[in-house]
Amino acid sequence: MAQWIQGTVVDNIHWTENLFSLKIDAIVDSFSAGQFTSLALDIDGKRVARPYSYLSSPDQLPLEFFFYTATDGVLSNALVRLQAGDPVWVKQKANGFFVLNEIPEAEELWMLGTGTGVAPFFSILNTDEPWQRFKTIVLVHAVRTEADLRYQEMIARLQNNYGERFSFQAFVSRESVPGTITGRIPAAIENGSLEHSVGRKMRVDKSHFMLCGNPDMVKDSVDILKSRGFTKNRRRTPGHITVENYW
Ligand SMILES: Cc1cc2nc3c(=O)[nH]c(=O)nc-3n(C[C@H](O)[C@H](O)[C@H](O)COP(=O)(O)OP(=O)(O)OC[C@H]3O[C@@H](n4cnc5c(N)ncnc54)[C@H](O)[C@@H]3O)c2cc1C
Ligand SMILES: NC(=O)c1ccc[n+]([C@@H]2O[C@H](COP(=O)([O-])OP(=O)(O)OC[C@H]3O[C@@H](n4cnc5c(N)ncnc54)[C@H](OP(=O)(O)O)[C@@H]3O)[C@@H](O)[C@H]2O)c1
């Protein structure tokens with residue numbers, strides 16, 4: 001059984017009332033960018049654990065994670081109160097198949113995430129591998145409000161480092177914000193406004209899609225992509241669509 005490592009909180013960044021990031025010092029086993037581990041706290045004598053994607057890259061310390069406090073959520077509402085110096089349990093061994101190793105050859109990678117579902121994309125984008133494997137990468141982050149759009153300086157650095165090979169498109173669903181698409185990802189795939197906005201065409205012979213976060217976004221997007229001829233990526237039958245559902 002995988003072991004729990006006692007980590008120490010280095011920083012708790014409160015972005016908004018219910019959006020935060022934890023930086024944690026812990027010596028864990030090496031992992032692949034895109035994987036998740038478990039974090040846990042002992043609450044009322046019980047160890048409460050949930051899976052969380054690494055936002056930090058494999059060679060980075062401290063470890064970093066990006067969270068929403070779920071309404072009435074037990075663990076996220078305890079994690080948000082942690083302060084520098086507090087202990088937190090981290091699973092020694094990471095898990096998951098939302099990694100580039102599982103993705104067949106393609107020219108263009110589309111990374112589509114809602115809310116904190118962008119975390120594994122940052123972990124991947126800050127390694128060399130995607131830039132060695134794909135000609136172009138499009139990162140899409142869909143959130144409710146402009147205040148939920150975080151890690152913009154990391155995105156600016158990627159744009160600076162990779163120029164035209166990297167595109168970023170934000171969606172804000174509950175406000176009208178210049179430079180972003182108002183609404184949801186599936187509708188914008190269906191009506192072509194996402195491709196129009198980033199200036200790239202999704203093509204069966206060259207595109208691969210990674211989708212992460214809200215399971216309804218994942219399902220609705222997969223249905224639309226399938227109707228355009230893209231297929232789910234499975235080990236036995238490689239395809240175009242690789243997914244990670246957060247709940
Ligand atoms: C593979 C994997 C990776 C994950 N990585 C992350 C991550 O990096 N960051 C993160 O914040 N969460 C992540 N989650 C979700 C996380 O594991 C917990 O479910 C979440 O923190 C809520 O836990 P809770 O105990 O507070 O609430 P619970 O009582 O367990 O959940 C309450 C409800 O909140 C909703 N919910 C859960 N997670 C989210 C979320 N991220 N955004 C919006 N609504 C949500 C769901 O409707 C859920 O039923 C991941 C889940 C999986 C399966
Ligand atoms: N972010 C906030 O301001 C806020 C406020 C109070 C509580 N919370 C708590 O935080 C949790 C996480 O919030 P969140 O904003 O990350 O989660 P979210 O509800 O997953 O929203 C993230 C983005 O995904 C979109 N989305 C939702 N369903 C979709 C679907 N079927 N297809 C495509 N896109 C879809 C949302 O659009 P829509 O806006 O159109 O749904 C939004 O743009 C909530 O579940 C709640 O418990 C958040």
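This is a predicted model: local features need pLDDT of at least 70, side-chain atom pairs count only at pLDDT 80 or more; totals for chains, interfaces and linings use all residues.
Me: Is histidine 141 buried or exposed?
Reply: Start with its place in the fold: histidine 141 lies in strand β8, residues 136–143. Its relative accessibility is 1%. The cut-off for buried is under 20%. Histidine 141 therefore counts as buried.

Me: Which element gives the largest share of the shell around ligand 1?
Reply: The shell holds 18 residues, and the closest are Arg50, Pro51, Tyr52, Phe66 and Ser76. Elements that give two or more residues are β4 (46–53), β5 (63–68), α1 (74–79) and β12 (241–245). The largest share is four residues, and it comes from β4.

Me: How much of the accessible area of ligand 1 does the protein cover?
Reply: A backbone N or O atom of proline 51 lies 2.6 Å from an oxygen atom of ligand 1. A backbone N or O atom of serine 53 lies 3.1 Å from a nitrogen atom of the ligand. Of the 880 Å² that ligand 1 has on its own, the protein covers 75%.

Me: What is the distance from the polar side-chain atom of tyrosine 246 to an oxygen atom of ligand 1?
Reply: A polar contact needs N or O atoms within 3.5 Å. For tyrosine 246 and the ligand oxygen, the distance is 3.3 Å.

Me: Which element gives the largest share of the shell around ligand 2?
Reply: Around ligand 2 there are 20 residues, with Tyr68, Thr71, Ser173, Arg174 and Arg184 coming nearest. A polar side-chain atom of arginine 184 lies 2.8 Å from an oxygen atom of ligand 2. Two elements give two or more residues to this shell: β8 and α7 (215–227). The largest share is three residues, from α7.

Me: How much of the accessible area of ligand 2 does the protein cover?
Reply: A nitrogen atom of ligand 2 is 3.1 Å from a side-chain N or O atom of asparagine 18. For aspartate 148, a side-chain N or O atom is 3.2 Å from a nitrogen atom of the ligand. On its own, ligand 2 has 870 Å² of accessible area, and the protein covers 79%.

Me: Where does ligand 2 sit?
Reply: The space taken by ligand 1 is the largest pocket. Ligand 2 sits in the largest pocket.

Key: Residues are numbered from 1 along each chain as its sequence is written. Chains are lettered from A and ligands numbered from 1 in the order in which they are written. Side-chain values use heavy atoms; hydrogens and water are left out. Buried means under 20% relative accessible area, exposed over 50%, partly exposed in between (1.4 Å probe, protein chains only). A residue is near a molecule or strand if one of its heavy atoms lies within 4 Å of it. A polar contact is a pair of N or O atoms within 3.5 Å; within protein, one must be able to donate a hydrogen and the other to accept it, and residues adjacent in sequence count only if both atoms are side-chain atoms. Accessible areas come from the Shrake-Rupley method with a 1.4 Å probe; for residues, only the protein chains shown count as cover. On a 1 Å grid over the protein atoms alone, a cavity is a set of points where a 1.4 Å probe fits but cannot get out, and a pocket is an open set with protein on both sides within 12 Å along at least five of seven lines; lining residues have an atom within 4 Å of a point. A molecule sits in a cavity or pocket if more than half of its atoms lie within 2 Å of its grid points.
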